[in-house]
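Trainee: I have the sequence and the model open side by side. Could we go through them together, one question at a time?

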Amino acid sequence: MSEPEDREDRALRERLAALRDDVPGPDFQALLHRRLVEAGPPIPASGWDAVRDFWRRRAPVLWPAVGVAAGVATFLVLGAVRGTPGTEAPAMAGLERPGTQVPVSKVAVIKLDFTADVAVEQADFQVSLPEGLSFWADGEELPLRSYQWTQPLSAGSNVIPIAVRGQRPGRYLVTALARAGDQRIEHDVVLEVTGG
């Protein structure tokens with residue numbers, strides 16, 4: 001080693017030696033105890049310190065639990081706002097927005113549009129009406145609640161008109177079903193019958 005390095009090394013050792021604490025004497029424990037008793041109990045931590053300490057110690061369990069609780073609360077709040085899921089009949093859910101409005105004294109023509117990618121030689125159709133609506137043909141009410149027929153479908157749009165008349169005011173769900181081979185297509189149309 002060179003002389004400047006030796007001097008620096010010696011100076012560093014001297015400074016480190018000055019930092020050493022003296023070894024406590026035999027009466028250190030008794031002296032510390034006496035000073036702690038004189039000082040009295042520590043000032044209690046603030047409420048926020050207790051909360052922070054609580055979260056810090058239990059974080060591995062509490063954070064997932066808080067996440068689950070927030071998810072359940074969100075589900076319950078949204079369920080209360082939108083109505084309980086699964087308890088509402090599917091037909092009633094669709095009755096909120098009518099597709100067509102017609103007075104009791106008029107005949108409504110509902111146009112069902114079945115779209116096919118390719119031409120189909122034979123498709124089975126069924127249209128069902130609820131109580132309060134009736135099929136209408138040639139100026140007369142038909143006594144049927146459901147009507148079935150078979151016809152081909154061309155590629156593209158296939159509009160099928162259905163004439164119905166309401167017997168009393170209200171909202172009604174008209175259900176139309178088409179089957180072609182293993183494919184099933186269902187249309188629901190809400191018809192609102194108004195007074196007058």
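Trainee: Which residue of β5 stands opposite W136?
Mentor: Two definitions first: helices (H or I, at least four residues) and strands (E, at least two) are DSSP runs numbered from the N terminus, and two strands pair if DSSP finds at least two bridges between them. Strands β4 and β5 pair in the antiparallel sense over two bridges. In β5, A137 has E140 as its bridge partner. Opposite W136 you will find E141.

Trainee: From what pLDDT do side-chain atom pairs count?
Mentor: Residues are numbered from 1 along each chain as its sequence is written, and side-chain values use heavy atoms, with hydrogens and water left out. This is a predicted model, where totals for chains, interfaces and linings use all residues, local features need pLDDT of at least 70, and side-chain atom pairs count only at pLDDT 80 or more.

Trainee: Which residue in the hairpin of β4 and β5 takes a positive phi?
Mentor: That hairpin has two residues between its strands. The one you want lies in the loop between β4 and β5, and its positive phi of about 50° comes although it is not a glycine. The residue is D138.

Trainee: Is D138 buried or exposed?
Mentor: Buried means under 20% relative accessible area, exposed means over 50%, and partly exposed is in between, using a 1.4 Å probe and protein chains only. The relative accessible area of D138 is 81%. Because that value is over the 50% cut-off, D138 is exposed.

Trainee: How would you describe L144, then: buried, partly exposed or exposed?
Mentor: Look in the loop between β5 and β6, where L144 sits. Its C-alpha atom is separated by 8.5 Å from that of L129, 15 residues apart along the chain. With a relative accessible area of 36%, L144 is partly exposed.

Trainee: Which strands stand at the edges of the open sheet of four strands?
Mentor: The order in this sheet is β2-β7-β4-β5, with antiparallel pairing. Inside it, three bridges join β4 to β7, and L133 stands opposite G166 in β7. An edge strand here has a single partner, so one side of it is left without a neighbour in the sheet; the two are β2 and β5.

Trainee: And in what order do the strands of the five-stranded open sheet come?
Mentor: Its edge strands are β1 (100-103) and β6 (146-153), each pairing on one side only. Strand β3 pairs with β6 in the antiparallel sense over seven bridges, with A123 opposite Q151 and F125 opposite W149. On β8, β3 pairs in the antiparallel sense over five bridges, and D124 stands opposite R179 there. The pairing in the whole sheet is mixed, and the order is β1-β9-β8-β3-β6.

Trainee: How is the aromatic pair of F114 and F125 arranged?
Mentor: Rings of Phe, Tyr and Trp (its six-membered ring) pair if their centres lie within 6.5 Å; planes under 30 degrees apart count as stacked, over 60 as edge-to-face and the rest as tilted. By this rule there are four aromatic pairs, and ring pairs link F114, F125, F135, Y147 and W149 into a cluster. F114 and F125 are both buried. Their centres are 5.2 Å apart with 70° between the planes, and the arrangement is edge-to-face.
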